[in-house]
Amino acid sequence: NRTMLTATVGTIPGEVVDALQKLDAAGATPVIVGQGTTVLGVIGVADTVRASAPAALKTLAARGIKHLVMVTGDSKAVAQAVGAKLGLAPEDIRAELLPEDKVRVVEELRGRGVVAFVGDGVNDAGALATAQVGVAMGAAGTDVAIETADVALLSDDLERLTVAHKIAQTANRIIRQNLIFAVGIMLLM
C-alpha cells in the first residue's frame, strides 16, 4: 500500500502515483508490487457492486430508512466510486476506517436514532456489536461477524435485507396489536 511504499522508498515515483490515481478513480484498491525499493507494478483489485444493491437501498429508503451510510476501510477514492454506484451522497460515505473507527461512527450515528449495521468481516465485529441491530451477511460472513450479529442473513444478496426488514416491520406491528389488545382486555376486566 501507499504507506508501506512511502516508508520503504521515501517518495513515490510519478508514474506510480499516476497508476494509483487511475485505479482510485476506477474504484479499484491498488496493490503495489515491488522488490526491495523497486516498484515492479501496480495491480488493481475491485469488488463489483451487486446488481441488486442499488435497488435494495432504494427500497429501504422508500420503507422509511432515513439515513444510509457506507462505512469502509477502503480508500476515499474507491469508497466514493462505489458509493456513487450505490446512489449514496458523498457526505454519507466514510472511508479509510479501522475497526475502532467504524465503532466510533456507529456510536455517533446512534446519537441520531436507531442504527442497524450490515457487515461481513472481522473488521466489522465491533460495529455489529455496537449497533442496536447488527446484521451479518451470512454466506460471505466470517464466523466472528456471524457470532456477533443479531441477525445473520444466509445470502450475499442485499435484497434479503429488504425482506428481513419487511418481516421485522410486520412482527413489530403484530406485537403492538397484541399489546393493545391485551391491555384493552385487562382494562375491560
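I began with Glu96, which counts as partly exposed because its relative accessibility is 46%; buried means under 20% relative accessible area, exposed over 50%, and partly exposed in between, with a 1.4 Å probe and protein chains only. I note that this is a predicted model, in which local features need pLDDT of at least 70, side-chain atom pairs count only at pLDDT 80 or more, and totals for chains, interfaces and linings use all residues. Residues are numbered from 1 along each chain as its sequence is written, and side-chain values use heavy atoms, with hydrogens and water left out.

**Entry 1: Glu96**

I located Glu96 in the loop between strand 4 (93-94) and helix 5 (99-110). Helices (H or I, at least four residues) and strands (E, at least two) are DSSP runs, numbered from the N terminus. I then looked up the backbone: phi of Glu96 is near 60 degrees, a positive value in a residue other than glycine. For background, most residues other than glycine have a negative phi.

I listed the contacts of Glu96, leaving aside neighbours within four places in sequence: they are Thr72, Gly73, Asp74, Ser75, Lys76 and Asp101. Contact means heavy atoms within 4.5 Å. I also looked up Val71, which is 25 residues from Glu96 along the chain, with 8.7 Å between the two C-alpha atoms.

**Entry 2: the hairpin**

I found that strand 1 (residues 29-35) and strand 2 (residues 38-45) pair in the antiparallel sense over seven bridges. Two strands pair if DSSP finds at least two bridges between them. Thr29 stands opposite Val45 of strand 2. The two strands form a hairpin with two residues between them, and Gly36 in the turn has a positive phi of about 65 degrees.

I traced an open sheet of three strands in the order 5-6-7, with parallel pairing. Strand 5 and strand 7 (151-153) are the edge strands, each pairing on one side only. On average, neighbouring strands of this sheet are turned by 20 degrees against each other, direction ignored. Axes are lines fitted to C-alpha atoms, for helices over the stretch in contact, and angles run from 0 to 180 degrees between N-to-C directions.

Strand 5 (residues 116-119) and strand 6 pair in the parallel sense over four bridges. I noted two bridge partners in strand 6: Val135 for Val118, and Ala136 for Gly119. Strand 5 has a covered face, Phe117 and Gly119, and an uncovered one, Ala116 and Val118. In a regular strand the side chains alternate between the two faces of the sheet.

Is strand 6 largely enclosed or open? Four of the five residues of strand 6 (residues 133-137) are buried, so strand 6 is largely enclosed by the rest of the structure.

**Entry 3: Val106**

I found Val106 in helix 5. Val106 counts as buried because its relative accessibility is 1%. Leaving aside neighbours within four places in sequence, Val106 is in contact with Val115, Phe117, Ala127, Thr130 and Ala131.

**Entry 4: helix 3 against helix 8**

I looked up how helix 3 (residues 52-62) and helix 8 (residues 159-188) pack: the angle is about 20 degrees, and the axes are 8 Å apart. The two helices are therefore roughly parallel to each other; angles under 35 degrees count as roughly parallel, over 145 as roughly antiparallel, 65 to 115 as roughly perpendicular and the rest as oblique.

I listed the residues that make the contact: Ser52, Ala55, Ala56, Thr59 and Leu60 of helix 3, and Glu159, Leu161, Thr162 and His165 of helix 8. By class, the contact has four nonpolar, four polar and one charged residues. Ala, Val, Leu, Ile, Met, Phe, Trp, Tyr, Cys and Pro count as nonpolar, Asp, Glu, Lys and Arg as charged, and the others, Gly among them, as polar.
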